[in-house]
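Please open the model in a viewer and keep the selection tool at hand. The stops below are arranged so that each selection leads to the next.

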Amino acid sequence: MPESKIFRPFVPASEDRRELSLRALLLGSIFGVIFGAVTVYLGLRAGLTVAASIPISVLSISILRAFGRASILENNIVQTTGNAGQSIASGVIFTLPALIFLGFDLESSRIFALALFGGWLGVLFMIPLRRQLIVEEHGVLTYPEGTACADVLQAGERGGSFASRVFLGLGLGGLYTLFQNENLLRLFPATPNWSPDFDPRGAQILKGAAIRADVTPEYLGVGYIIGARVAAVMLAGGVFSWLVLMPAIMFFGKHLPAPLYPGVTPIAQMSPSDLWATYVRPMGAGAVAASGLITLLRTMPTILNALSSGFAKMGFGKGAERSRLLRTENDIPMTMVVGGSLVLILLMFLFLDLKPIPGAQVGWLANLAAALLVVVFGFLFVTVSSRIVGIMGSSANPVSGMTIATLMAVAAIFLVKGWTAPAFGALAITVGGMVCIASANAGDSSQDLKTGFLIGATPWKQQVAVMVGVIVSVFSIGATLNAMNKGLESFKELPVARAISLASLPEGVTNQGTFKRNRVTVMLPPRAGAAEAREELTDANRYVVLNAIGSATLEDGKYLYNPATGKIEVQWIQGIGSEKAAAPQGRLMATVINGILSRRLPWSLVLLGVALVIGIELLGVRSLTFAVGAYLSIGTTLAIFCGGVVRWLVDRAAARGGETAGSGAETEISSGSLYASGLIAAGGIMGLLGVCLNLYEAATGKTAPQFPVTNPFYKDWVSVISFLALAFSLYHFARRPLDSEKMMEEIEREE
């Protein structure tokens, strides 16, 4: 007899416990807003996301217990609602930042609509797949994160509590970030830095290199969760870029008197950050694109199998209709699924038709075709995503690869139609973004539904909870994207102003009108031996904004042009895309679109990244992690690697002591991983608080109190020691098992 026929959930179908309550939806919505914002913050900075279902379950058990007895089903609704924020945020940050790289603004209404449509499509398309994937293939598809979350909920129902480790990580991580973050108290440097420049007899060895670390608690926690192996491969990519490639560029290019495309200043005058932004980022984008396609090809057999299985077994027979009478088999009716899908198609069509991207106005027939493309690719990749996460887990879900495939197909259609203007690239991102969000949400929803299946939840109530979570979280996701883009932006005076004529702009440069702000702070070019200088511009609205994409004259980005002098004087560096928020997946999507439509890219650098990935694959190493590490700043990868080292030390100590998995660091619900989750949440929340404070200062002209950079603790060695102390706290608490972990061992023995 198949395993699915003899399986008995934790709560029998005959029992009707409290489940879809108002307090569960409210608490889950709060978690969705928080973890959605934290995911945006972490994903833009590190290019990584971390599953939120287990931390939310842990916190829910303790919080609801404080307000009276809560059922396991009610806690499950909380984590289902809250986890929607994390999954929607993952899809958004992989695609929509590409709009910035293509020269467009992030409109809040557009972010809201795309996230809402994509999130709901993911839920609706997953509903007809649930029975086959979750129930019929219970013994085949394990859904590791969903199973682990069910274990946590069962332990909580038996009286266990894991929340102390999460709260401890939140408290210590938040206190640490208060003094570390450069937008908060800034007691010590946020990024200790060393730029080696050995100069025996004028050789200038390693000039152009830099070793730095963003000593944040979220990076430490991420490194611990992903483990030493993955963290080491990421750092290897960073070492190649920052300690091999950049010094090589400086060595061979420092004698060139003129800028080397795509640079706008001579290489000899570039800092390590300039070298990274100008030459490493295009190479890294090519590497990430190539590795994403390789990952897609590698998973193609699984994808084809998922499609064939999904389409062959999606229908409901008479036995299925009878089983729907059971509470635990009661999905949202198919009539509502089909009707809801048709309504979403209509809403997408109306949105594209009534609010087109400026410069990409097409007829109603083309907009209807775009909406249908979203549905076709959406259902295709929702099916794939829902099955793949059941086999390999959400962390291995090749969402970016599936999105690349969508973008390539859409861009190829646009190319045939002759729609090659940058605005059509933004339209392609709109289509690909909704598909990506739907796929990401479907994968995480599958994990949540697996949790519900194991504990005996009511499917339709979970599906409603996901939809509620989508609606609530899209507000915080859009606000966080815009806040980070503005809060982390900077204005940099060009070392040499560039003369240019507005009447005959170079190819790839467009006039975007008058700069709308009156006052901005501009960083002045560094001078030897002098501290960083800034200048306040109080009449900034006299400038004209120019946007460069694929230009042979200017590096991609926005610039402020002074009509009085006829020169470009200031570079406007957007927050998203800067070293503080590199957004690697968004850059990748923009590179794919721009490469197909405009065919104006620094192809030598892009193809260098492709060749690098091929070499890494030949070494037998999965190249996607290495490629992301090569794209990101070494400040990110080095800090993450430190967390991986702590994980390795904890696992090694546990192995020496002969401890079980329950008391070590090998499981997703160990004390170490929960403490690390608290660090991640603390770093994200406090980091966003700093961004909001920065926005407040820019809007009001007031300055929040900070320690001066002349204080005796503002030294790189203080940052290093403080970060090591935080890392030791992670090691210490990871080595101290919780009482609840003993309960988990009892649960495993019972099963």
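**Conventions**

The model is predicted, so local features need pLDDT of at least 70 and side-chain atom pairs count only at pLDDT 80 or more, while totals for chains, interfaces and linings use all residues. Residues are numbered from 1 along each chain as its sequence is written, and side-chain values use heavy atoms, with hydrogens and water left out.

**The whole chain**

Display the chain as a cartoon. It has 25 helices and 9 strands; helices (H or I, at least four residues) and strands (E, at least two) are DSSP runs, numbered from the N terminus. Of the 751 residues, 59% count as buried. Buried means under 20% relative accessible area, exposed over 50%, and partly exposed in between, with a 1.4 Å probe and protein chains only. The chain exposes about 29100 Å², of which carbon and sulfur atoms supply 65%. Accessible areas come from the Shrake-Rupley method with a 1.4 Å probe, and for residues only the protein chains shown count as cover. Among contacts with a separation of 6 or more, 82% are between residues 24 or more positions apart; contact means heavy atoms within 4.5 Å.

**Salt bridges around the strands**

Next, show the charged side chains. The whole structure contains 16 salt bridges, each being a side-chain nitrogen of Lys or Arg within 4 Å of a carboxyl oxygen of Asp or Glu.

Select Lys-492 and Asp-274, whose side chains meet in a salt bridge of 2.9 Å, N to O. This pair links distant parts of the chain, with Lys-492 in strand β3 (residues 490–499) and Asp-274 in helix α11 (residues 272–298), 218 residues apart. Lys-492 counts as partly exposed, at 27% relative accessibility.

Move to Glu-489 and Arg-517, which form a salt bridge of 2.6 Å, N to O. Glu-489 is in the loop between α18 (459–487) and β3, and Arg-517 is in the loop between β4 (509–514) and β5 (520–523), 28 residues apart. Is Glu-489 buried or partly exposed? At 16% relative accessibility, Glu-489 counts as buried, whereas Arg-517 is partly exposed at 28%.

Then select Glu-536 and Arg-519, joined by a salt bridge of 2.8 Å, N to O. Glu-536 belongs to strand β6 (residues 534–537), and Arg-519 to the loop between β4 and β5, 17 residues apart. Glu-536 is partly exposed at 38% relative accessibility, and Arg-519 is partly exposed at 35%.

Select Arg-130, Arg-131, Glu-329 and Asp-331, which are linked in a network of salt bridges. Which residues does Pro-459 touch, not counting residues up to four places away in sequence? They are Arg-130, Arg-327, Thr-328, Glu-329, Asn-330, Asp-331 and Leu-449. Pro-459 and Arg-131 are 328 residues apart in sequence and 10.0 Å apart in space, C-alpha to C-alpha.

**Helix α17**

Select Ala-423, located in helix α17 (residues 422–455). Ala-423 is buried, with a relative accessible area of 6%. Its C-alpha atom is separated by 9.4 Å from that of Leu-99, 324 residues apart along the chain.

**A nonpolar surface patch**

Switch to a surface view and select Val-343, Leu-346, Leu-347, Leu-350 and Leu-354. Together these residues form a nonpolar patch on the surface with about 450 Å² of accessible area. Patches are made of residues with over 30% relative accessible area and no salt bridge, like charges being joined within 9 Å and nonpolar side chains (Val, Leu, Ile, Met, Phe, Trp, Tyr) within 5 Å. Leu-347 is in helix α14 (residues 334–354) and is partly exposed at 37% relative accessibility.

**Helix α19**

Select residues 584–597, helix α19. Of its 14 residues, 13 are buried, so α19 is largely enclosed by the rest of the structure. After α19 comes Arg-599, whose phi is positive, near 55°.

**Thr-637**

Finish at Thr-637 in helix α22 (residues 634–656). Thr-637 is buried, at 0% relative accessibility. A polar atom of its side chain lies 3.4 Å from the backbone oxygen of Ile-634. Not counting residues up to four places away in sequence, Thr-637 touches Met-234, Leu-235, Gly-238, Gly-629 and Leu-632.

How values were computed:
A polar contact is a pair of N or O atoms within 3.5 Å; within protein, one must be able to donate a hydrogen and the other to accept it, and residues adjacent in sequence count only if both atoms are side-chain atoms. The expected span of a helix is 1.5 Å times one less than its number of residues.
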